[in-house]
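Here is a quick tour of a protein for someone meeting it for the first time. Have a look at the picture, then read on.

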Amino acid sequence: MFSWLRSKSNSSRPTWNGRRRKSAGFYSVQDPYGSALDAFDRRFDMDDKSPSSRRSWRFWQRKPDEWAASNPIEGEKPSWWQASKRRWFARGLGALLLIFILLVAWLAITAPLSKSLEPIAPPQITLVASDGTPIARSGAVVEEPVEVAKLPAHVIEPFLAIEDRRFYDHWGIDPRGLARAAWSNATGGSTQGGSTITQQLAKFTFLTPEQTLTRKAREMLIAFWLEAWLSKDEILERYLSNAYFGDNQYGLRAASLHYFYRQPEKLRPEQAAMLAGLLKAPSRLAPTNDYQAARDRMKVVVQSMVAAGYLTEAEAQAMRIPRLDVRARNNVPTGTYFADWALPIARKLAERSYAKQTITTTLDARLQGIASRVVSRSGLGKAQVALVAMRPNGEVVAMIGGRDYARSPFNRATQAHRQPGSTFKLFVYLAALQAGMEPDDLIDNRPITEGSYRPRNSGNSYSDTITLEEGFARSSNVAAVRLLGKIGSKAVIRTARGLGVTSDLPEGDQSLALGTSTMTLLELTSAYAGVAGNRYPVEAHAFPQEEKGWVARLLDGKHSLSGSTHKEMEQLLRAAINRGTGRAASLSVANYGKTGTTQDHRDALFVGYAQDLVVGVWVGNDDNSPLNGISGGGLPARIWRDFMSAALKVPVKSEPAQMPDPEGPIQPLDIPELENIPLGEDGSTLNIREGEVTVSTQVDGMPIEIRLTEDGLDVAPAQ
């Protein structure tokens, strides 16, 4: 057997690298895996006797003249080469198909076909007050889509002539149009665009108006995709139904009704030609803006129709210039402070469609009118103002965001973050009451002489102690800071958060008690509404909400104060408005409120409620400069009183002498020291210094001093 194997190994065989190969069977004898190697050897045997298993290991070493020797037909590539080419061709087709599928999937995600059915601009929304009075109108004028089958030929032809003459012949991209536009632009002719109607639909439906090669490539790709999935008439319908025609009109139906008061199915040829001309520059060419420019552009459209074969030269010459018939005028303001706040919410509530929509808000037209009149007559000078009126459940019924919306649409009621001053003391004292303290409990009211933070009271008015009720009514700064230190800033912040305050409130900051953290007036007023209705947090809203059942109310996550705590908090608020710093706001009905004034009179506020109205008023300068002595107990309190008395139809109390308003987080609002004020011709004088009033006079020739201090009246000989 071995001699036979050796003889087989000496037989003539092809070689690898000049060495003779071993014959089959040799490996089987040498190792356990030899049979597998034998099979490998037979498979790649280059013997001519086994052409079916022939493999060319020397493919890259062959010379060109060897091809003929190895093939039956002279000069022909081997069969395995032809098979390899077919395999690579199939793989290439598969790769292209995969890329196409991925592109279609990508487009389906990033540019869904249904989007071309939607209006490209948000349709018009009209906001009305609770009684149906229109208060604002915003958005595009969009009407129902058109159907090409129902449009006369003379309506469609102007658009095809001026925008895309070969629309029904191309597959989304027109090479001729691109070449013609490129040549015209390169040779200095009239500037032209090479976009087809399909490309224009792709651009304003799916893409941004940026001018980049990437966007242009996407535009072409989407155009191919639209042509593959939609018929030509469907593409044209969506184009005509969404194109912008100027004057806030989107779509052919809206434009024809606006400019000619006709449905597009009944447009005359000259009217359709003028509308087709607007698409080049809608805002500039709108006939309501520049009728002559619209006429000139219409002539260009008519000549394009002649060139496209839609009109003869005689018909073009006979075409008249159309007359406008604009009947609808928008006499409703496009924006107000309330509307700017409510519209983004309305957009979320509204359905995405072509239809105009009218949405009823919570705004009370009568109360809004009262607010506007009161603010305009308040004598603000150069200061700005904000007012928010809401129901205890959060329904906003009136809103003023500034003195003049036309000059400044910035809403100071919802957007401006300002210090609330002593109106923030609501949360400090409420936290103290929730901790078990009572209105009659005493708190130290002496000057703070230790530590780095030393707030002062107005006029250096101090006492050894003061009750919580009096401290809140007189707005004692030192009492509020000591109260914060006693109950802890965490408790105060927790109370504020519970009432719906979301603005930043720094823990451990003593000035927090005096309202140094900023928030919006809407946020602050909503917190007071939570106390007014004893159900919190209150979320301010512009649209009516469905009344919840008792089960839903139990599970809505809202809270209430205990009966005793709520009564005690209202006792403090009533004291502040009736005999404290807010006396200028007093009404003849049960009323509750708190003043607020920040450092150097930069912000002045009054927030309070009566019956079913909760109102917050802010006065300040946009640049945060001082208000020249205006405090929360002054102008804001009077605005609040005038609004509430008219809104609730109740008389106001006779205005008492205004108490000094001691608000201010860092510096007190001091009464200046006055010295040697003459009190007549006998030499008597009045001196006010360090919270002490001294009258120097003479009685029977004896000089005496009458001193009025916190301890009482003292009469003594002059020193």
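## The overall build

First, a word on what you're looking at: this is a predicted model. The protein has 719 residues, and 46% of them count as buried. Its fold contains 25 helices and 19 strands.

In soluble globular proteins, nonpolar side chains tend to be buried together. Here the largest nonpolar core has 77 residues, and the members touching the most others are Leu-127, Phe-338, Phe-427, Tyr-429, Met-569 and Leu-573. Which helix gives the most to this core? That's helix H18, covering residues 425–434, with 8 residues in the core. There is also a second, separate core, made of 49 residues, with Leu-151, Ile-156, Phe-245 and Val-302 among them.

Setting aside neighbours within four places in sequence, its contacts are Leu-426, Phe-472, Tyr-528, Val-531, Tyr-592, Gly-593, Lys-594 and Tyr-609.

Now try strand E3, residues 125–128: are its faces covered or open? Both are covered, with Ile-125 and Leu-127 buried on one side and Thr-126 and Val-128 buried on the other.

E3 pairs with two strands described here. With strand E4 (residues 134–138) the pairing is antiparallel, through 4 bridges. Ile-125 has Ser-138 as its bridge partner in E4, while Val-128 faces Pro-134. The E3–E4 hairpin has 5 residues between its strands, and Gly-132 there takes a positive phi near 95 degrees. With strand E7 (residues 357–360) the sense is parallel, again over 4 bridges, and Val-128 stands opposite Thr-360.

## A closer look at Val-128

Beyond residues up to four places away in sequence, Val-128 touches Thr-133, Pro-134, Ile-135, Thr-358, Ile-359, Thr-360 and Thr-361.

Folding also brings in residues from further along the chain. Val-128 and Ala-339 are 211 residues apart in sequence, yet their C-alpha atoms are 9.6 Å apart in space.

Helix H8 runs over residues 197–206 and is mostly covered, with 8 of its 10 residues buried. Those buried residues are Ile-197, Thr-198, Gln-199, Gln-200, Leu-201, Ala-202, Thr-205 and Phe-206.

Over in helix H20 (residues 477–487) you'll find Val-481. Is Val-481 buried or exposed? At 4% relative accessibility, Val-481 counts as buried. Leaving out residues up to four places away in sequence, Val-481 touches Ile-448, Tyr-453, Pro-455, Gln-510, Ala-513 and Leu-514. Between Val-481 and Lys-425 there are 9.6 Å in space, C-alpha to C-alpha, with the two being 56 residues apart in sequence.

Rolling a probe the size of a water molecule over the atoms shows where empty space is left. How many cavities of 30 Å³ or more does a search of the whole structure find? It finds 1, and the volume of the largest cavity is about 80 Å³. Its lining is made up of Arg-412, Ala-416, Arg-418, Gln-419, Pro-420, Met-519, Thr-520, Leu-521, Leu-524, Leu-605 and Trp-618. By type, that's 7 nonpolar, 2 polar and 2 charged residues.

Some of those lining residues, including Arg-418, Gln-419 and Pro-420, turn up again as contacts of Ser-517. Ser-517 lies in the loop between helix H21 (489–498) and helix H22 (521–533).

Technical notes
Residues numbered from 1 in each chain as written. Predicted model: local features only at pLDDT ≥ 70, side-chain atom pairs only at ≥ 80, totals over all residues. Heavy atoms only, no water. Core = buried A, V, L, I, M, F, W, Y, C linked by side-chain atoms within 4.5 Å. Buried < 20%, exposed > 50% of the residue type's maximum accessible area, 1.4 Å probe, protein only. Contact = heavy atoms within 4.5 Å. 1 Å grid on protein atoms, 1.4 Å probe; cavity = no way out; pocket = protein on both sides within 12 Å on 5 of 7 lines; lining within 4 Å. Points joined across faces, edges and corners; volume = space filled by probe spheres on them. Nonpolar A, V, L, I, M, F, W, Y, C, P; charged D, E, K, R; others polar. Pairing = 2+ DSSP bridges.
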